[in-house]
Amino acid sequence: MVGLVEELKGWAQESRQRLTALQFAPQLEHIGRVLQVGDGVAMVAGLARARLDELLIFEGGVRGLAVDLGEDTIGCILLGDTARIPAGSIVRGTGEVARVPAGEGLLGRVVDALGKPLDGKGAIEDMLFAPVEQAAPVIVDRALVTKPLATGLLVIDAMIPLGRGQRELIIGDRETGKTAIAVDTIINQKSSDAICVYAAIGQKASSVARVIDAVRQYGAPERCIFVIGEADAPPGLQWLAPYSGCTMAEYFMTRGHDVLLVLDDLTKHAAAYRQVSLLLRRPPGREAYPGDIFYIHSRLLERAAKMAPERGGGSLTALPIAETQAGNISAYIPTNLISITDGQIYLDPRLFYEDQKPAVDVGKSVSRVGGKTQAPVLKALSESLRLEYAQFLELEVFTRFGTMVDERTRKVIEHGQRIRAVLGQRQYAPLSLGEEVALLCAVADGVLDPVPLDRMNKFRENLATWLAERCPEILALGDEANPLPDAVRTRLKQSLIALAQSVGGRVSQEGAR
Ligand SMILES: Nc1ncnc2c1ncn2[C@@H]1O[C@H](COP(=O)(O)OP(=O)(O)OP(=O)(O)O)[C@@H](O)[C@H]1O
Ligand SMILES: [Mg+2]
């Protein structure tokens, strides 16, 4: 009996302590009501204190962003299923901007624009929440772009080189291999230490699945994050996906890593934004896009940077993709993006149909900062390549009409055809720097000229093993490698000639130039 009394006393004391510790105070909540809802947007009344881009929570847990602040009403982009929100229901203001998970735990994962896992591998651990909109690094925190970002695609690495921290637009008509270039670049990072973030915006589920499969099969998926805003996702999520991807990439950049961010593609992003803006009755501008479309894209791409050493020295390279209609690069969104980025890789549908893949139009493509970062050994070999190739393309047009050509012209054309064959590349087979150097040497030294065009593939296939046996030092070349000394170059040339002979080229050791 005594024991029970003691126990009750203890319990009473504990409860009293707990009650005194409780704080009863009114809690202020900003609430409003849904006036209208549908097609991924909602109009809300009553949230007088809401701020621009504030995260709002609707009944049923659907989130939305306040993007249009009127005097009496607020226009919201919904980041979830509209069907779950009845008109007249309550909306709560959070006083915060939208945040997404960022951190090591995301590596290797597939998530939606809000960072929710889509790959069925359970909750994401080891992460923090970072705002989707962040100010771009200021100039004093930035450094010059000095390190190359190898794509493993010879046509790009040799002629339109990319640097870490650069923004390069991949632009072309539909189905011309835009995504393929970005995916090959991601796959090539298997042999570097870069972290890759792929943000899919308005893409078909099947193409997204193909990208993920390719990276899982050929690349380093444990260093990749996939942020997916599919074509059938609410437009709000499609709109948010590139910002979320950028925030996830920034996490690693600020910690000193090199990050590659692919935005596939910003034309669809602009279309999703136009859709919600028109539904919110914002005044349409050119091509019915809202007036701030340039601003939102430049604000996003400005976040790509190379950080100064005292800020960790990380970098964020952005590869936005833009789709053109019938090759019209002077349409509104493509011109915007061309002017925001540091260069563009233009894909020509005509080249694609002629089976010249990657279908990069070298004449219209440019990289404004990457040239300074190119490995010196590659730079030395590719200087004359662009000119030789351009001359060949021009000559080829004339000879198409069956014009008789003299011996010299015929040689230029045959040489040009070898350059073109070397610039073509199949998917998922990125080249190492050493292979690129060897191929460019083979072109420059005329080793390939006597090799029949249909044997060129064989030459490429055997190249890596051949070099490993005969010129292993070429395969070990790094980004800082200087132009090849004469002795090495001669040895490389001899082994390339031997390879050309082995695949059926009638080339003598003296015959090559
Ligand atoms: N280098 C290549 N070699 C062989 N096939 C390629 C190459 N590059 C792309 N392809 C093929 O071309 C097709 C279109 O490529 P991709 O999906 O990358 O184009 P896209 O421009 O991104 O298309 P969309 O406009 O649908 O986004 C794909 O079937 C792809 O496998
Ligand atoms: Mg694509």
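Predicted model: local features only at pLDDT ≥ 70, side-chain atom pairs only at ≥ 80, totals over all residues.

Colleague: How many residues surround ligand 1, and which are the closest?

Modeller: A residue is counted as near a molecule if one of its heavy atoms lies within 4 Å of it. Here 14 residues surround ligand 1, and the closest are Lys178, Thr179, Ala180, Gln425 and Gln427. Helix H3, residues 178-188, gives the most to this shell, with three residues.

Colleague: Which polar side-chain atoms lie 2.7 Å from an oxygen atom of ligand 1?

Modeller: A polar contact is a pair of N or O atoms within 3.5 Å. Lys178 places a polar side-chain atom 2.7 Å from a ligand 1 oxygen, and Gln427 also has a polar side-chain atom 2.7 Å from an oxygen of ligand 1. From the backbone, a polar atom of Glu175 is 3.0 Å from an oxygen atom of the ligand. Of the 630 Å² of accessible area that ligand 1 has on its own, the protein covers 78%.

Colleague: Where is Glu175 placed, and what is its phi?

Modeller: Glu175 belongs to the loop between S10 and H3. Its phi is positive, about 55°, although Glu175 is not a glycine.

Colleague: Strand S10 leads us to the sheet. What is the strand order of the open sheet?

Modeller: The eight strands run in the order S8-S12-S11-S13-S14-S10-S15-S16, and the pairing is mixed. Strand S8 (110-112) and strand S16 (366-367) are the edges, each pairing on one side only. Within the sheet, S10 (residues 169-172) and S14 (residues 315-323) pair in the parallel sense over three bridges. Ile171 has Ala322 in S14 as its bridge partner.

Colleague: Which strands does helix H6 lie across?

Modeller: Helix H6, residues 266-279, lies across S11 (195-203), S13 (258-264) and S14, and runs at about 70° to S14.

Notes
Residues numbered from 1 in each chain as written. Chains lettered and ligands numbered in written order. Heavy atoms only, no water. Polar contact = N/O pair within 3.5 Å; in protein donor to acceptor, adjacent residues only side chain to side chain. Areas by Shrake-Rupley, 256 points an atom, 1.4 Å probe, with all protein chains shown as cover. Helix = DSSP H or I, 4+ residues; strand = E, 2+ residues; numbered from the N terminus. Pairing = 2+ DSSP bridges. Contact = heavy atoms within 4.5 Å. Axes fitted to C-alpha atoms, helices over the stretch in contact; angles between N-to-C directions.
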